[in-house]
Amino acid sequence: MFSQMVQAGLGEFLFVFIFFLVGLILPLSMVIINFVLGPRIYGKKRLATYESGMPPIGTAWMQFGASYYLFALIFLAFDVDVLYLFPVLLAYQRGTGGFELIELFIFLFLISLAIVYAWRKGAFRWR
Amino acid sequence: MEVKGNGPICIPSRDLSQEYVESPAVVGFAPVQDLLDLARVNSLWPLTFGIACCAIEMMAAGVARFDWDRFGIIPRGTPRQSDVMVVAGTIPHKLVSTIKTLYDQMPAPRYVIAMGNCAISGGPFSYDGQYAIVNGADKIIPVDVYIPGCPPRPEALLQGFIKIQTQITKGIIDANRRADKAARKHKK
Amino acid sequence: MLNPKTIDDASIDQRVYQLNLGPQHPSTHGVMHLLVTLDGEVVLKVEPVIGYSHRGHEKMAENRTYEQFLPNPARMDYLSGMIFNHGYCMAVEKLCGIEVPRRAEYIRVITSELNRIASHFIGAMDYAMGLGAITPFLWGWDDREHILDLLEGITSYGRFGGVRNDITREFYDGTRRFIDRLRGRFWDYENLINQNIIFIKRSQDVGVITKEVALDYGVTGPTLRGSGVGYDVRKREPYSAYPEFTFEIPTREAGDCLARYQVRMAEMEQSLNIIEQALDHLPPGPIRAKVPRFVTPPEGDCYCAFESARGAVGFYIVSDGSRIPYRIKVRAPSFSNLFVLTEICPGHFLADVIAIFGSIDVTVPEIDR
Amino acid sequence: MPTAEPTKPLENIRNSLVQVIPEAELLDRDYQECGYHLEVRLVMRGMRRMAREMKDRRFFLETITAVDFLEYFHLIYLFTTYNEASFRVMARVKLLPEVRPFSVWTIYPEAIWLEREVYDFFGIRFEGHPDLKRIINPDDVDYFPLLKNFGKTKFTTDIDDILC
């Protein structure tokens, strides 16, 4: 299966596949080792939600204020663009040049404009 | 007039109602478990649950001079991430359900230190007409180590943690230490 | 946004959520339970639930002699134990008319002021830690260790008619060194925390207690002096050896969390002055008056007020002429200071409630007695 | 111990109280010996008028407590001033066991908690209190701890002075 992939010129994707496998195996192995080696306690009381020692009042499934949603959106703005910074290492390999750095900062500046816009529209005022 | 007011609460601590099922590890070889015990011993995370005056001594044990970070002890806020529950102070009736809930919400393996006379036996506040407190933490949760004192000094609390460490590793550390000492004496 | 004033349990709709800042919470000092009603992040109602550290001190007083009740006051407010012990001894001496020698009064004032500084360290630095500043918390505890070394050196705990042990030479020199060292340290706290922009932003105009609200709720101590009323029992009803010392009562007008913090820090400097003056004019003489082994005060009652680190404490003792007190009522300042929370917290954010609660600086066993 | 002996303010307090609650009995007490300057013995009906008068004169309500004398209770209110050299006025109300005193929470909101504590320890129900329930003891208990015939006191067991 790998040989056909290599002939079809998809060798590059082998690394991505290994990356995916490592990402999958590591967490799973931790969970399994913990399950196998450590003692466990089951029980309704053990799994009750923790609220500083008191039984929680009401359910957590309720209507939330819109401000929480706006905060989540703004967090997303910077979280996703960190994802775009990874390929920068591969794409800009033309050697030592300040040019890539400036391009990076321009990209970050454009993203932060979203934050400024949200700030002006009062998303942080929380009322 | 007979003495109204209930006597000290005396729930025999052995038949604590087991609302939870405790299952030992699947792979139970001795060397593996001993190795794990050594790892557990050096990162005992206590639950920050100070009730009264002993809480101040517990905080003093955690700060600059006595600094229990040297033993890998990092106080945690939630019972989910803590191994040791230090019951530091008097246990009134209103707090009994809270202590039980917190103890139940701690993952295995979990240990309990009863710090101070109040947590051991009600201490200076227990007499036969007392209506307010439970005489000792072992009436409500199983306790591993008792630290006497009112309040015990921070060093006593550190010694309590060391005693729990020896208990966890079933004395392996001491055994090695005794073996070394014997070897040194033999060589002399 | 729902109006905090018109909220009641019936009209709680889907969006309002009740949260337990419960007995076991890192920010509550001890086992304090705040039942907070929230609309999103804004607090609508705070109801402190107390009783999680109730040990029945007042019931114990009814079956113990006056001497056997001596260890209890220090366990009511464990941060200023010496002050409570000093107050209880003063109340019984006032009831029995015992005259305390001047040297014992001076030693009591020195130990009380040292204990006040130690208590303010914990109160102020725990407030700072509530806002996330861990370093001052560690510094404050480090300085407090020095005070404890001094107090452990002489263990001059109060007895009726005087104190247990006399001042030793190394306590005298140790306190002098401690005073000079601490005066230098205030400059460090000033740089580290007092001008920290985050600390100021989080504390200014948060939890403002006006004079009217303070009068309604009987607030006393640094919490009251932060709102501009200079009421301090040491000045208003001078007791023990305080009339012979010159010190002033720091107050701030703003009444917010920052003002209360600044009052506590300023009070520490005043306590240092008192200790210095007391050490300068320490009179010779006996440290304890002739007192029978079992004190039997005459029939009658007496209220003795004194100033602890948290406010005006009062021991109301009713005696019926026997060795066992008929009734001892302790007026706890934290009890009234805590109830102000229900008045000033609505409308703030949840994080501010923790800041306000920290700035009021209560100890739980003193509230529950 | 010199204490500022406030003669003038004490006088006008006495005069105003005499007008507000004529039926009360005012006694001057020596501060040195008992810690308060003026004792007012009155009946429960006059309590709210006195509290309103004290509030106008900038006294703060230091504490409300009760003492159990088996046949009757003594309700004790302590008022102290914030401003000038403070002096203390104690209001003592004699209550028979089944009488329900009036709550003063409309004048001093702090009384909500103070009265709840007195109810919690003595079982004295205050009339007009917003939510009279236990404050310190667990809510489901039925005893009132500080009563003289509850628990271990002089009246229930013979207490040996030494061993206790």
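# Reading the chains, step by step

Me: The C-alpha centres of domain 1 and domain 2 of chain C lie 30 Å apart. Which residues does each domain of chain C hold?

Reply: Domain 1 of chain C runs over 4-49 and domain 2 over 57-368; such bounds come from an automatic or database domain assignment. This is a predicted model, in which local features need pLDDT of at least 70 and side-chain atom pairs count only at pLDDT 80 or more, while totals for chains, interfaces and linings use all residues. Residues are numbered from 1 along each chain as its sequence is written, and chains are lettered from A and ligands numbered from 1 in the order in which they are written.

Me: How many residues of domain 1 of chain C are in contact with domain 2?

Reply: First the idea: two residues are in contact if their C-beta atoms, placed from the backbone, lie within 7 Å. Here 17 residues of domain 1 of chain C meet 18 residues of domain 2. On the domain 1 side, β2 (33-39) and β3 (42-49) of chain C each supply at least two residues, and β3(C) gives the most, with 7. Those names follow DSSP runs: helices (H or I, at least four residues) and strands (E, at least two), numbered from the N terminus.

Me: How do the residues on that side of domain 1 of chain C divide into nonpolar, polar and charged?

Reply: There are 11 nonpolar, 3 polar and 3 charged residues on it. Ala, Val, Leu, Ile, Met, Phe, Trp, Tyr, Cys and Pro count as nonpolar, Asp, Glu, Lys and Arg as charged, and the others, Gly among them, as polar.

Me: Which chains share the most contacts?

Reply: Of the 5 pairs of chains in contact, that's C and D. The meeting takes in 42 residues of chain C and 34 of chain D. On the chain C side, β6(C) brings the largest share, 6 residues. By class, this side of chain C has 18 nonpolar, 10 polar and 14 charged residues. Chains A and D, on the other hand, have no contact, and their closest C-alpha atoms lie 14 Å apart.

Me: Which residues have the most contacts inside the largest nonpolar core?

Reply: A nonpolar core is a set of buried Ala, Val, Leu, Ile, Met, Phe, Trp, Tyr and Cys residues joined through C-beta atoms within 7 Å. A residue is buried if 20 or more other C-beta atoms lie within 10 Å of its own, exposed if 12 or fewer, and partly exposed in between, with C-beta atoms placed from the backbone. The largest core has 196 residues, and those with the most contacts inside it are Met85(B), Val87(B), Met115(B), Leu341(C) and Ile356(C). Helix α4 (102-130) of chain C brings the largest share, 14 residues. Domains 1 and 2 of chain C both give residues to this core, so it lies between them.

Me: Why is chain A more spread out than a compact globule?

Reply: The radius of gyration is taken over C-alpha atoms; the globule rule is 2.2 Å times the number of residues to the power 0.38. For the 127 residues of chain A the rule gives 14 Å, but the radius of gyration is 24 Å, well over that, so chain A is more spread out than a compact globule. Its C-alpha trace spans about 60 × 50 × 25 Å along the principal axes, and buried residues make up 2% of chain A. The chain has 4 helices and 1 strand, in the pattern α-α-β-α-α.
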